[in-house]
Structure formats: structure tokens, C-alpha cells
Amino acid sequence: MGSCTGITSYALRYVATTATTGSGLPASAGCISAGTLVNNGHWVGTSVGTATNSPTITFTRNGHSNAGANLNLHTILRRNNTSAAWGVAGTWADPGTTTISPVSTGQISLTQTALTTDNNFSGEFALETGTNATSTAAVLSSSAATICIGTSPNLSVAITGSGSFYDLSIFDGTSNFSVINYISGTPFAAPPTSSNKTYSITSVTIGGSCVGSGNSGSPTVNIGGTSTYVSSTWTPSAPTATSTAVIDGGVYNAAVNITACSLEVKNNAVVTIPSTYKVTLSGALTVESGSSFTLESDSNLVQTGGTTNANAGSIQVKRNSSSLYLLDYTLWSSPVENQNLYSFSPRTLGNRFYVYDTPANQYSPVSSSINFIVGKGYLIRVPKDYSSTTSSIYNGLFTGKPNSGIITFPMSLGGTPITGYGFNAVGNPYPSQINLHNFIDENISNITGVLYFWRKRNDQTQPSYATLTKLGYTANSAPGGGTTNTANYFNTSNNAANTWVINVGQGFFVQATAATNLVFTNAMRRGVDNSNQFFRTSNKSASEVSLYKLNLTSNNGFFSQMLVGYSSDYTLGVDKGIDGLNINNQEYICSSLDGVAYAIEGRPEFTPTDIVPLQYKVATAAEYSISIEQFDGLFGTQDVYIKDKLTNFIHNLKTGPYTFVSEPGTFTDRFEVVYENPLSTSDPKFNQNSVLVYKQNQEFIINTGTVQMSNVKIYDIRGRLLVSKSNINASQVKMYAGSIQQQVLIVKITSDTNGVVTKKVIN
């Protein structure tokens, strides 16, 4: 042993043990993976005093059976006397700190320098032996033979070896670059290149020092060519995903999709992308001054790569609204930079541009002289010259540099808890659609995962918002909450849910759960034909979903919709991105989740004994109907019953709507959905709660649910008979009340089979 200042005595002894793999040994050490103690033994060192320097220890073990050629499979281990775990002190391949040298066959000597010491230099030392973790073969390959100019080739190395993480040195024909902590078989990006390259492996290393052997593979990656459109022809051929596209002068309006690395529009070229077609680029769009590039409504500019906006020049993006009337609004979002509000809708009254004030939970007017903020939603009224009786489509036109890359929008967590908090008006910031699932999944840590879309009509009697989650879509007014075919688009029988998109220019609401940024990325962008619907999306969960929708309607035009879906992915609690909180507080029908109204609810795997509690709210006394639509999955054959707990009646919605009468108010315990009907129908109830009497125009309407009336008599408060009707034999009757002047009336309803009910009403 070398000099150790402060140590007055030192002893070293060999202990024969039965220590093997799993007895506190490291799983790998240096070039060695998994090991056992050599000869099942170790040295124990003890000392008296305290070392004041970093000592060097050298000792020799005779009779060592694994000396000589196998030394590269040895590692020196050290542990404190009181510890059960061994630590790596050095390896044969690390001579800077460790020397392991064979003195002769069957004998080995170990030297460890710069040891970290305890107060008393005491410890145990051992040799571990195992298998070589260094690679024995590494094969380099490329995922593509041709790439876009200025981009990074994707390479991978298949390594044969027992290690987990490797360090690579790759030669590109000119210089080396490194890949650290590499896992065999995973793709990695080489530095961007503008020329053809042939790649090879310089070295594969583990543990910083153990170099493998048997490397192979020399893939060549070429740079794609250039396709130029001139005189109505692409030369030498139409562009592909690995070529650069140039439109050099003239007019381009071909009804075909363009796919390229990048697109340059120059020499006074006039480019128009027809409706439903798309331009897909992995790089930038450049529009030189004097040239133009226009996206017709429902066409898309999809850019799949990059995190920043590399576009240059100005484009025009046309976007048609839903069919609207005077005083109607649309929630817009700009797909370009620096779009002025007034320039976008110059015939809208100057005081009819709004943003949503999240802390105040209300819309606030904003000056029309400002520009759209990218990612923000703006509520804009139709032009002042629109008709109130004939609908028209507003042809929106955005002009500016197209947005691309990562876009963030700061969300507010403000708002009154009465209606929730953190509702932010945002919008699609790109000149392409964005995928609903991608958007929700990217932001689910900071939002509830529910999107709300502004109604298409400015009608205070109708709910204001359609609701959308990854489970489905509920409309907010008949025939739909958006445009003509919205319900069909969000029907999973027509479009898989994971393909649903949010259209260009579409504004919508999200509810923040954290005061942080909402994030949009190019990975969300899509370009699909969605038949000129202003807002819409689609969705399908990873496992098969069975769902149906219920509609609540009345003869006066009221409409509300709810959705229930079943999947093993869902729970009876609130599932973010699946369950959609109801924010239409005026009138609605919803499922009741822990007493809270939800327009969309996901429930666990279906069982026929499940019960779905409902709640509804109506503003006027009237006759209403509950009907079923869009039943998918098992509900193609499974019956769905509505149970009216007030009348004690169960009705199969598959056979037709259930009609009932209701007084105004909120009712949280009248209806529930069940899937089994034990006795077909139960005995109907006939009492003051099940009988409804209300006045409509100049008539009293008396409704007894499922019980037939025989006669009705109306008395004034003094008991005088004012009007009567006999032989009714129906559950609803109308009685003229125009000549009755009294304010308080007594209505006596008689059923031959269920008795008499008396109700007091106000005329």
C-alpha cells in the first residue's frame, strides 16, 4: 500500500464469501454487464487514524483463476464496511484511475488511485467479472434515400451488444458528429445538409471508453431536385415530397394537390388553390412581391415541419361563414399575421367587434382599428346591410403572411365560479385545419379538453354554444349548431373521431385549468374535405365507443342535445377531453354527473343495468319531446328507455319520441335513461305533480301524462263553475278561457280509473 498521511496502521485480509450476482453488485460496470465476484471472495481493509490525502492502494491476489487474457472483463469494486452495496472503483479500460496487471498466470495485482476516503480509511475491495457489454456489430442505415434540401437525414444504428446506452461517432464524408446516450434502433437526425452525403460509423462506445467492433453500413442520402411550373407545365415533372417547387410566372389554378419541400411563387405569378385542394409543404412558402397566392374557401396550406415561421410574403385566405342573417355573429380567428379587423369586415358597425373578457365572463367591445392577435377569437357581427329574412354567407378574406410553427396564446384563469372560470376565446391560427385530438392532447394538462362553438343564429331563445370533445359533438339549435351538415360530419359512423378537424378561421372557447399558454403546433395541421362547414371536428377513441344522442324539443322551436358514450377507457368521474360541461344555462337537457349538468358524458364499459340520471331546464310551460338519434356501436341493437319518474312511465325511445308536459324550471330528478324494462310500463301516476295546467294564448291546456281524463271543470275562487268539458277520454285537452276574468282559478280533473286531481292556477 502506498503512503497515506495520518494513517498509523493498515491491515488487509481476504475473505471467502459466496457473493454472486444480485448480492449488492452493480448490474453493469464499465465494459462489463452483470457480474459475479471473482473466486467468490473479497479483500477487507482496515486502518487506524484518518487519511488526509487521496491514497493509492496496491495489492496482489495469488491463485486468481481469471487472470491474463480475461482482464478486460474485470472491474474493481469498493464498499464501506457497513454497506451492503458495492460501488464501481474502476475498470481495466480506465487506466487513469485503476491499474489491474497480471503478475503471472494465476496471479493479479490491483492499484486504485485517488480513492475517496472515509474518516477512517476502511473498506472492502473486490474483483467483479461478467460479460462484455461492448457492441460486437453495429449497422448504420437511413430512413430515406432522398430528402429536402437543408433538412436533416434520419439515421439509425442497429447494435448487437448487451449495453443500454451507447455513444456514436458518425462520419458524413467531411467531418464527424456525435450522438450521445443512444439506444439501439432509435432514429436520430444528422445535421442539416444541402448536398448529397454518404454516412459511416467511426465508433460505437459504451461507458465513455469501451469501443465496439464490427461496424458496417454506409447509406447515401441525396438531395431532391427542383420542379418548376412555367407555361402551364411542371418541368421536369410535378413536385414530390422531396423536391423544391417553383411557380415561375403565369397563372396557376390546377385542381390538384401540391406536395413539396417548399414552394416559391415569383415573376408575377398568380396562384389560386381551388376549394377542397391543399398545398402540403415540409418547409416554407415564399411569395415574391408582385406575385400572389390565394387559398379559396375550404382549401388548405399544410406545413408539417419546423417550429418557427419561415414563410415570406403575403397570401390571401378566403373563408366563408355559415349562412347568416342581420344581427348574427361569427367567432373568427386569423390564419395570417397583422390582419386588421375593420379591413376584414368593413361593413360591420364599428361597435360590433368583440373579444371575450375572461375575468368578467362576458364579451367586451374592441376597436375595429386593431389587428387580430394570432390564436385569439373575435366575435364579429355580419355587415349592417344583411337581410333579417334572407340568409347570406359572408365571404371572409384574410391577407398577410401565413402563420406557421409553434404558436402560443396566453390563457386567463379569471372568471366567476358561478358559471365556471377560465373561459378563453381562442381560434385556429393556421391557414389549414387542425386535428381535434392532437390539439386537445397537446394542451390537456392546462384545459378541460372541451371546445365550445358560438351558435350560428343571434337568437336569445336558443342555446348559444355547440359542444365538442374527443367523444363527440352536440348541436346547440335545430338543425345544428354550426352549418348544414355538421351533425353528419361529427357522426362517427361517417367520420372516425380521430380525423375530426377545426377549420380555417374558426374561433372557439376552451376552459383553462392553469394560467399558462395554449399551444398550437404544425403537427396538428391537416387538409381534408369537410364540405364547407364553418366549424367542425371529428373523433374516435382508441377503443370502440358506443354512443347515442338525445334531443329535447318543443313545438315553439326549442332544441337541446346531449350525448352519452360508453368505453372501457372512460370512468364515472370527470374524464378530461371526453366529458363536456354544459355552459348553455338558459335551457337544456343533460346527463347529471355528480349533480352537475354535462352535455357530453363518457361512461365505463356498458352494462344493461346502468342508469343515467338526467336533468333539464325549460323557460316556459309547454309540451316537450325527448328523442334519440345517431346511435352507434352496440346501440344499433340495444334498446334505450326513458324513465319518467314523475308519471312512473317507461318508454322505449327506439319506437319514437317520448312526449311530456312540463312547467318552467330546472328539474334534476324527473328523468333517467335505463336499458332494461322489467314490466314494459308501470302503473301511471295521477297526482298534482303529474298533472300540468298552463295557459297558452287564450286557452288552458290540461295534460295528465299517460292517464286519460274523463272530464274537467274550472271554478273561480268562490266555487262557481265557469267552464267544463266531459267525455274527454284523452290525456290532453284545451279549454277556451278568453272570457274568464278571475285571477285565481280551481281546476278539477277527473279520471274514471285514477280518481280526481285538483289544481290551483293563475289566469
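Predicted model: local features only at pLDDT ≥ 70, side-chain atom pairs only at ≥ 80, totals over all residues.
Helix α2 spans residues 436–443. Its buried residues are L436, H437, F439, I440 and N443. They lie on the same side of α2, because they cover an arc of only 165° around the axis. Several strands form the packing partners of these buried residues. Those strands are β41 (433–435), β42 (451–454), β43 (465–468), β45 (501–502), β46 (507–511) and β47 (517–520). The N-terminal end of α2 is capped by N435. A side-chain oxygen of N435 lies 3.0 Å from the backbone nitrogen of H437. H437 is also among the buried residues of the helix.

An open sheet is built from 4 strands in the order β34-β37-β35-β36. The pairing is antiparallel. β34 (329–332) and β36 (362–365) are the edge strands, and each pairs on one side only. On average, neighbouring strands of this sheet are turned by 35° against each other, direction ignored. Strand β35 covers residues 353–357. It is joined to β36 by 4 bridges, and the two strands run antiparallel. V355 has S364 of β36 as its bridge partner.

S710 belongs to strand β63, which comprises residues 709–716. The relative accessibility of S710 is 8%, so the residue counts as buried; the cut-off for buried is under 20%.

Technical notes:
Residues numbered from 1 in each chain as written. Heavy atoms only, no water. Buried < 20%, exposed > 50% of the residue type's maximum accessible area, 1.4 Å probe, protein only. Arc of directions from axis to C-beta. Contact = heavy atoms within 4.5 Å. Polar contact = N/O pair within 3.5 Å; in protein donor to acceptor, adjacent residues only side chain to side chain. Pairing = 2+ DSSP bridges. Axes fitted to C-alpha atoms, helices over the stretch in contact; angles between N-to-C directions.
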